[in-house]
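Let's take a look at the charged side-chain pairs in this one. Here is the structure to go with the notes.

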Amino acid sequence: MNLNDIKDLMAQFDQSSLREFSYKNGTDELQFSKNEARLVSEVAPQVAPAPVLATPSPVAPISASAETVAEEVPAPAEVSVAAEGDVVESPLVGVAYLAAGPDKPAFVTVGDSVKKGQTLVIIEAMKVMNEIPAPKDGVVTEILVSNEEMVEFGKGLVRIK
């Protein structure tokens, strides 16, 4: 795979709604991610050709600006509904799962009563599944993430009243 092919793939990935992309063909392997700059640096050492190491870098600034826009939009909504409960925040960066599996029921849904310590969400980080427990007894008033969404440290996951 030559540098022009890689640049073309990057341009198409950048314009798409995909969050992650990986490609393998014989000895060539590419992985792109719009999720977080740190993920790009973790992927880069696995990619053998030198041009590929340099090419994922432009994705990080684009991702950062997209995350900034995404963070600015929900902020007013969080302020206006803060009285409806406390937000359980993500303690780590990873992929949020709302159920134990694709064919399993969600851990919690809006309106469910939860007990302290009950699993609300699982966050996968570096192939480790981390259960996020309820910090207190209460009722789930809002689920702030979607299934398989990439979450950052401190991102709101669930609101409990």
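## Salt bridges

At 30% relative accessibility, Lys 155 counts as partly exposed (buried is under 20% relative accessible area, exposed over 50%, partly exposed in between, with a 1.4 Å probe and protein chains only). Its partner in a salt bridge is Glu 149, which is partly exposed at 22%.

A quick note on the source: this is a predicted model, where local features need pLDDT of at least 70, side-chain atom pairs count only at pLDDT 80 or more, and totals for chains, interfaces and linings use all residues. Residues are numbered from 1 along each chain as its sequence is written, and side-chain values use heavy atoms, with hydrogens and water left out.

Searching the whole structure turns up three salt bridges, each being a side-chain nitrogen of Lys or Arg within 4 Å of a carboxyl oxygen of Asp or Glu.

| Pair | N to O distance |
|---|---|
| Lys 136 and Asp 86 | 2.7 Å |
| Glu 142 and Arg 159 | 3.0 Å |
| Glu 149 and Lys 155 | 3.7 Å |

Take the salt bridge between Lys 136 and Asp 86. Lys 136 sits in the loop between β7 (128-133) and β8 (138-143) and Asp 86 in strand β3 (residues 86-89), so the pair ties together parts 50 residues apart in sequence. Strands here are DSSP runs (E, at least two residues), numbered from the N terminus. Lys 136 is partly exposed at 29%, and Asp 86 is partly exposed at 46%.

Then there's Glu 142 with Arg 159. This pair links distant parts of the chain, strand β8 and strand β10 (residues 156-160), 17 residues apart. Glu 142 is partly exposed at 28%, whereas Arg 159 is buried at 2%.

Notes: Helix = DSSP H or I, 4+ residues; strand = E, 2+ residues; numbered from the N terminus.
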